[in-house]
Amino acid sequence: MSSRHLLPFRRTAVVIGALLFVAGCAAPQEDKKPVSSGTPAPQAETSAASQPASVETAPASTVPAAPAPEILGTTVFEPPTVSNMRPTGTVVGQKIKALRDDLLKLQSQLKAENDQLQSLRISARQFAGNYHSLKAAMNARLQVGTTPGNPELVAQWNQAQAELQQVGASIAALNTLASQVSATASLSAFLLESTSTTFELRGAIEEDHRQLAVLEDEVNKTVVVIDRLLNELSDDIARTQNYFANERLNLTAMQVAIDNGEYIGGSLANRAYGVPAPAPAGGAANQVGSRQPLAVIRFDRENPQYEQALFTVVGAALERRPNAAFDIVAVAPAGGDSARVALDTNRSRRNAENVLRTLTNMGLPADRMTLSATSSPAAQVNEVHIYVR
């Protein structure tokens with residue numbers, strides 16, 4: 001067939017090809033992913049919609065959990081590993097072997113001291129936990145009120161005191177351990193100095209100096225562990241001493257609450273700090289009638305219950321002025337004959353001494369209180385006045 005006759009067929013093929021190309025461009029291409037970075041959200045939705053099973057069954061990425069924070073007072077002091085040293089046959093090599101043996105003995109002593117510290121910590125925590133359990137039980141009984149001098153509470157108080165004394169006994173053991181660790185620290189410093197000076201000995205080979213460098217690093221690491229043990233041991237001693245002193249005062253204040261059968265509060269020593277004002281020059285007796293007292297306790301009957309009210313007013317005064325001091329004045333009636341006045345004065349002074357003793361048991365420091373006595377015609381019964389300065 002001639003080329004002239006083939007021309008219509010070629011035109012037809014070109015037209016059909018063009019139509020197919022246009023149809024292919026207009027058809028939706030669902031299996032193709034968009035490459036534009038400007039539309040990430042539709043891409044994620046299309047992928048999730050097209051593959052729901054793969055998304056549900058895909059394993060979740062595991063994020064490593066953050067390490068738990070170390071609790072204060074729980075550090076374990078482990079010495080570093082000591083490397084094995086190949087004998088070199090030199091005099092310096094023999095010195096290195098002796099130094100390595102000394103380091104092993106030093107680390108053995110360090111391990112024993114660390115074990116003793118951990119044992120003391122465990123026992124102290126156990127005794128403190130028992131003490132606070134008893135303390136919480138007593139406070140719960142006192143909060144709702146109970147009989148004065150309840151024998152059950154007295155027994156719990158005695159047991160709590162015994163548990164707290166065990167915590168106090170651990171302070172002496174910690175001090176003894178601190179002395180031992182101080183001696184170990186001195187020995188480690190001497191060992192480090194001996195290792196450093198061995199480099200200056202003559203007759204060493206290269207292997208000796210390589211082993212000395214390794215040994216010196218290990219001694220240095222051991223010294224660091226011993227220093228940290230000594231520092232943390234000092235912190236433990238100071239913390240335990242403060243805890244024991246404060247809780248002993250709180251336990252004494254609780255004794256007053258048990259005697260009254262009602263909750264009073266923590267020790268007043270926790271609220272008093274700072275330098276108090278000096279006591280009045282002529283004593284506080286001349287303040288009766290000239291100043292308004294902080295509190296007046298009237299002994300118009302046997303054993304008046306004044307402890308709760310006294311703790312409240314003194315505690316409030318210390319909250320306002322932590323450096324406050326208190327003057328306790330025994331006031332006796334001035335009426336009657338001299339024998340009656342003398343008798344009332346003695347009784348009033350004994351009452352004031354009891355008030356001072358009560359405040360001491362509540363935790364108020366003795367250097368913040370003064371005691372004096374006087375008589376007043378305005379007093380009808382024996383009274384105790386408390387002035388704040």
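Does D236 count as buried or exposed, and at what relative accessibility? The views below, taken from a predicted model, begin with this residue.

View 1. D236 counts as buried because its relative accessibility is 6%, and the cut-off for buried is under 20%. When neighbours within four places in sequence are left aside, the residues in contact with D236 are L117, R121 and L174.

**View 2. The open sheet of 4 strands.** The strands follow the order β1-β4-β2-β3, and their pairing is mixed. Because β1 (295-298) and β3 (369-376) stand at the edges and have a single partner strand each, one side of each is left without a neighbour in the sheet. From one strand to the next, the twist averages 20 degrees. In general, the strands of a sheet pair through backbone hydrogen bonds, and they do so either parallel or antiparallel.

**View 3. The pairing of β1 with β4.** Strand β4, made of residues 383-388, pairs with β1 in the antiparallel sense, and the pairing extends over 4 bridges. Within this pairing, A295 has I386 of β4 as its bridge partner.

**View 4. Helix α8 across the sheet.** Helix α8, residues 338-361, lies across β1, β2 (326-333), β3 and β4. The helix α8 runs at about 155 degrees to β2.

**View 5. The aromatic pair of F299 and Y306.** The structure holds 1 aromatic pair, and F299 and Y306 form this pair in an edge-to-face arrangement, with 6.0 Å centre to centre and 65 degrees between the planes. Both F299 and Y306 are buried.

Notes: Residues are numbered from 1 along each chain as its sequence is written. This is a predicted model: local features need pLDDT of at least 70, side-chain atom pairs count only at pLDDT 80 or more; totals for chains, interfaces and linings use all residues. Side-chain values use heavy atoms; hydrogens and water are left out. Two strands pair if DSSP finds at least two bridges between them. Helices (H or I, at least four residues) and strands (E, at least two) are DSSP runs, numbered from the N terminus. Axes are lines fitted to C-alpha atoms, for helices over the stretch in contact, and angles run from 0 to 180 degrees between N-to-C directions. Contact means heavy atoms within 4.5 Å. Buried means under 20% relative accessible area, exposed over 50%, partly exposed in between (1.4 Å probe, protein chains only). Rings of Phe, Tyr and Trp (its six-membered ring) pair if their centres lie within 6.5 Å; planes under 30 degrees apart count as stacked, over 60 as edge-to-face and the rest as tilted.
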